[in-house]
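This briefing sets out local features of the structure shown below, grouped by topic. Each term is given with its cut-offs at its point of use.

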Number of protein chains: 2
Amino acid sequence: MIHLSTFRFLLALPLFFLLALSGCTTLRGVGDMGLIIERASGRIQIVETTGKTILSQIKGLGDLSHASAVYSRDGRYAFIFGRDGGLTKVDLLSGQLVKRVMQAGNSIGGAISQDGTLVAVSNYTPGGVRIFDSRSLEMIADIPAIGADGEPSKVVGLVDAPGQLFVFSLFDAGEIWIADLSQPNRPTIKKFTQIGEQPYDGLITPDGRHYIAGLFGEDGLALLDLWHLDAGVKKILKNYGKGEKKLPVYKMPHLEGWAMAGGMAFFPAVGRHEIMVVETKNWQEVTRIPVHSQPVFAMGRPDGRQVWVNFAFPDNDTLQVIDVPSLSLIKTLKPGKGVMHMEFTPRGEHIWVSVRDLDQVHVYHTDQFDKLATLPTEKPSGIFFSSRAHKIGL
Amino acid sequence: MIHLSTFRFLLALPLFFLLALSGCTTLRGVGDMGLIIERASGRIQIVETTGKTILSQIKGLGDLSHASAVYSRDGRYAFIFGRDGGLTKVDLLSGQLVKRVMQAGNSIGGAISQDGTLVAVSNYTPGGVRIFDSRSLEMIADIPAIGADGEPSKVVGLVDAPGQLFVFSLFDAGEIWIADLSQPNRPTIKKFTQIGEQPYDGLITPDGRHYIAGLFGEDGLALLDLWHLDAGVKKILKNYGKGEKKLPVYKMPHLEGWAMAGGMAFFPAVGRHEIMVVETKNWQEVTRIPVHSQPVFAMGRPDGRQVWVNFAFPDNDTLQVIDVPSLSLIKTLKPGKGVMHMEFTPRGEHIWVSVRDLDQVHVYHTDQFDKLATLPTEKPSGIFFSSRAHKIGL
């Protein structure tokens with residue numbers, strides 16, 4: 001026999017535990033989810049792009065200036081690379097921080113392997129690349145970046161490529177390395193030396209074929225064709241850079257955002273108020289499109305019909321849209337001060353824009369250019385949607 | 001006061017209801033999920049590609065011969081188009097059939113709008129396209145396909161395109177139509193007439209720019225550039241088809257699978273033991289690659305470095321792999337009789353292959369070509385992964 005009040009209490013227990021243990025909010029697909037980095041507060045906002053709403057927040061991610069993120073192959077988990085060397089795994093569905101490791105003193109970015117089992121982080125201090133198990137965040141391999149000169153080097157421009165490869169650049173040594181992680185405990189490294197002065201960032205084309213490093217110490221770009229490694233690294237676009245007169249450069253352009261559209265690549269020119277258009281077949285310049293100010297990101301809409309451009313301080317209140325068929329500007333938007341980053345919805349109907357100084361993220365229609373939503377966020381910077389899980393090099 | 005046995009019973013109740021009501025299996029990401037059509041039994045298998053396992057089955061989908069599927073933008077729901085005119089919405093997470101409507105007497109395929117709100121189905125009987133709300137499956141618009149000749153026409157080759165467009169072909173009338181669903185209740189139609197004899201299928205390039213219809217009644221293909229509608233429909237590859245001598249054709253090639261890789265398109269030749277290679281810049285033939293038999297699907301690995309080809313009866317026990325850089329065959333596999341369809345994992349490390357007559361789906365590594373898994377399935381045909389949610393035209 002048992003008293004009714006005790007019964008009521010006992011009745012409530014399993015309800016509570018079941019909810020707590022299962023982390024069982026409502027079932028939902030992760031395909032329309034994403035995250036926004038709040039750089040000042042070490043926090044991320046979990047969002048969804050169907051209703052254009054914020055779902056939850058996750059705190060405690062450390063220094064998130066220049067932070068970036070990659071996704072697990074099921075789209076559920078994000079791995080966030082913080083400037084302070086922190087690697088944080090978060091669960092978008094439960095809105096929980098799963099694990100956080102301080103993997104180095106100062107990091108600059110990361111990547112996830114083609115099969116999703118390995119997360120790689122590139123480091124400034126100490127230089128090198130560290131490889132982690134994507135489930136446990138246990139370190140699997142440590143690749144020090146000692147250049148041909150025998151000195152340790154900062155590592156930048158780390159990307160994944162098909163075949164369990166990671167490709168990255170050694171800033172101080174001027175080298176490009178390919179690490180093959182087919183056998184995770186025994187990485188094999190292929191090194192390309194003397195590729196140019198001070199590679200400061202890198203990108204890989206969406207097909208995972210061409211790796212391009214931007215050079216800080218000289219003009220031009222270093223190009224490696226992963227389908228023809230024997231050909232080695234070639235210098236392309238020798239007039240791409242600061243030029244002989246050394247223009248004032250307010251911010252070196254980001255390379256990740258370079259748009260590939262209609263057989264052309266759209267590069268933010270360094271220091272100039274221009275977007276360079278290059279034919280990807282031969283990497284020759286086609287034309288230059290004058291824009292509002294010094295471009296930072298030039299991002300292609302998923303269908304390649306538009307390229308959206310943001311700008312360096314003090315002109316960072318502006319977004320411009322290039323029409324690819326006509327290679328001309330068709331729209332100028334003024335979202336507000338501090339336009340830091342943009343992310344298209346997977347099929348390109350909308351674009352999400354971080355407007356740092358307004359503490360807002362704006363959502364725009366990419367055909368009609370009307371503002372569809374404003375989301376309150378604290379000093380937002382990078383925006384990363386879960387569809388990146390299925391992309392090479394993102 | 002309450003008796004202890006009654007208490008135990010009552011204690012179990014909320015547990016049961018909570019689980020039942022929430023549909024709360026374990027939380028999981030849908031990004032690595034997919035489905036396999038079992039054509040003979042009106043059933044689909046829900047699978048996941050990380051562990052390469054079957055998760056659940058959903059029955060009662062009617063006649064699934066030639067069935068295809070598209071995904072909601074969150075990747076959670078699939079819409080399956082059956083040959084019997086049935087449109088079925090299933091929930092991959094709960095493994096449940098959500099809703100099924102008999103929308104026509106005989107249908108041939110469907111598409112989902114760029115923003116995910118609309119599902120379109122193309123019909124043989126009666127001809128035309130019907131548009132449904134993707135949440136409720138209520139019909140929103142009915143577009144009869146009456147050609148310029150005043151007669152109703154079968155509709156084939158239905159795809160989505162950016163800007164809430166659906167593009168499709170009228171088999172009997174020889175027309176290509178573009179339906180603009182920006183205002184869902186008031187579709188506007190743009191018609192291109194006399195595009196060729198009996199378009200039997202269509203595809204759209206992955207950027208959503210070029211729509212191509214295959215012609216059953218004559219040689220050549222009909223090409224429409226959606227970026228330049230004023231230019232109208234052009235006839236390309238006039239030697240593509242059955243030829244003047246009318247080769248025996250065991251199966252017209254599927255157009256959906258045409259691979260685009262490295263600036264080239266790889267077309268299964270009609271009736272010939274060849275893959276045609278075409279430069280997509282000008283749609284001129286580059287070369288032809290001899291293959292095992294009459295090709296049905298030629299599908300490009302997501303990085304564009306390989307094209308996988310299957311074949312018509314009686315040679316449908318074979319798969320061949322073309323290396324794109326060298327334009328040559330590098331591998332022949334013999335999975336078994338009835339290789340019906342292939343689907344790559346989103347980043348291309350594996351390929352899933354339906355082997356109908358073995359009642360199996362095989363998973364192969366795309367670099368080493370070893371078989372990684374065998375999944376028992378009943379007469380499997382189409383395989384559709386949830387990453388299609390983020391693709392234009394799939």
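Two strands pair if DSSP finds at least two bridges between them. Helices (H or I, at least four residues) and strands (E, at least two) are DSSP runs, numbered from the N terminus. This is a predicted model, in which local features need pLDDT of at least 70 and side-chain atom pairs count only at pLDDT 80 or more, while totals for chains, interfaces and linings use all residues. Residues are numbered from 1 along each chain as its sequence is written, chains are lettered from A and ligands numbered from 1 in the order in which they are written, and side-chain values use heavy atoms, with hydrogens and water left out.

**Strand E6 of chain B and its partners**

- Six bridges connect E6(B) with strand E7 (residues 96-102) of chain B, and the two run antiparallel; B:Thr88 stands opposite B:Arg100 of E7(B).
- The hairpin of E6(B) and E7(B) has four residues between the strands, and B:Gly95 takes a positive phi near 70 degrees there.
- Strand E5 (residues 77-81) of chain B also pairs with E6(B), in the antiparallel sense over five bridges, and B:Tyr77 is placed opposite B:Asp91 in E6(B).
- Four residues likewise lie between E5(B) and E6(B) in their hairpin, where B:Gly85 in the turn has a positive phi of about 90 degrees.
- Strand E6 (residues 86-91) of chain B is mostly covered, with six of its six residues buried (buried means under 20% relative accessible area, exposed over 50%, partly exposed in between, with a 1.4 Å probe and protein chains only).
- In a regular strand the side chains alternate between the two faces of the sheet.
- In E6(B), B:Gly86, B:Thr88 and B:Val90 are on one side and B:Leu87, B:Lys89 and B:Asp91 on the other, and all are buried.

- E2(B) is mostly covered, as six of its six residues are buried.
- B:Arg43, B:Gln45 and B:Val47 point one way from E2(B), whereas B:Ile44, B:Ile46 and B:Glu48 point the other way; all are buried.
- E1(B) and E2(B) pair in the antiparallel sense over six bridges, with B:Ile37 opposite B:Ile44.
- Their hairpin has four residues between the strands, and B:Gly42 in the turn has a positive phi of about 60 degrees.
- With strand E3 (residues 53-58) of chain B, E2(B) pairs in the antiparallel sense over five bridges; B:Val47 stands opposite B:Ile54 in E3(B).
- The hairpin of E2(B) and E3(B) has four residues between the strands, and B:Lys52 in the turn has a positive phi of about 60 degrees.

- Strand E13 (residues 165-170) and strand E14 (residues 175-180) of chain B pair over six bridges in the antiparallel sense, and B:Phe166 stands opposite B:Ala179 in E14(B).

**Nonpolar core**

- A nonpolar core is a set of buried Ala, Val, Leu, Ile, Met, Phe, Trp, Tyr and Cys residues joined through side-chain atoms within 4.5 Å.
- The largest nonpolar core has 40 residues, of which A:Leu35, A:Ile44, A:Ile80, B:Leu35, B:Ile44 and B:Ile80 touch the most other members.
- Strands that each supply at least two residues of this core include E1 (33-38) and E2 (43-48) of both chain A and chain B.

**Backbone exceptions and a buried arginine**

- Most residues other than glycine have a negative phi, and most peptide bonds are trans.
- A cis peptide bond joins A:Thr125 and A:Pro126, with omega about -10 degrees; the bond from A:Phe313 to A:Pro314 is also cis, with omega near 5 degrees.
- B:Gln164, in the loop between E12 and E13 of chain B, has a positive phi of about 55 degrees and counts as buried at 11% relative accessibility.
- B:Leu327 has a positive phi near 50 degrees and is partly exposed at 24% relative accessibility.
- B:Arg301 is buried, with a relative accessible area of 5%.
- The side chain of B:Arg301 makes polar contacts with the side chains of B:Asp303 (2.8 Å) and B:Asp367 (3.0 Å).
- A polar contact is a pair of N or O atoms within 3.5 Å; within protein, one must be able to donate a hydrogen and the other to accept it, and residues adjacent in sequence count only if both atoms are side-chain atoms.
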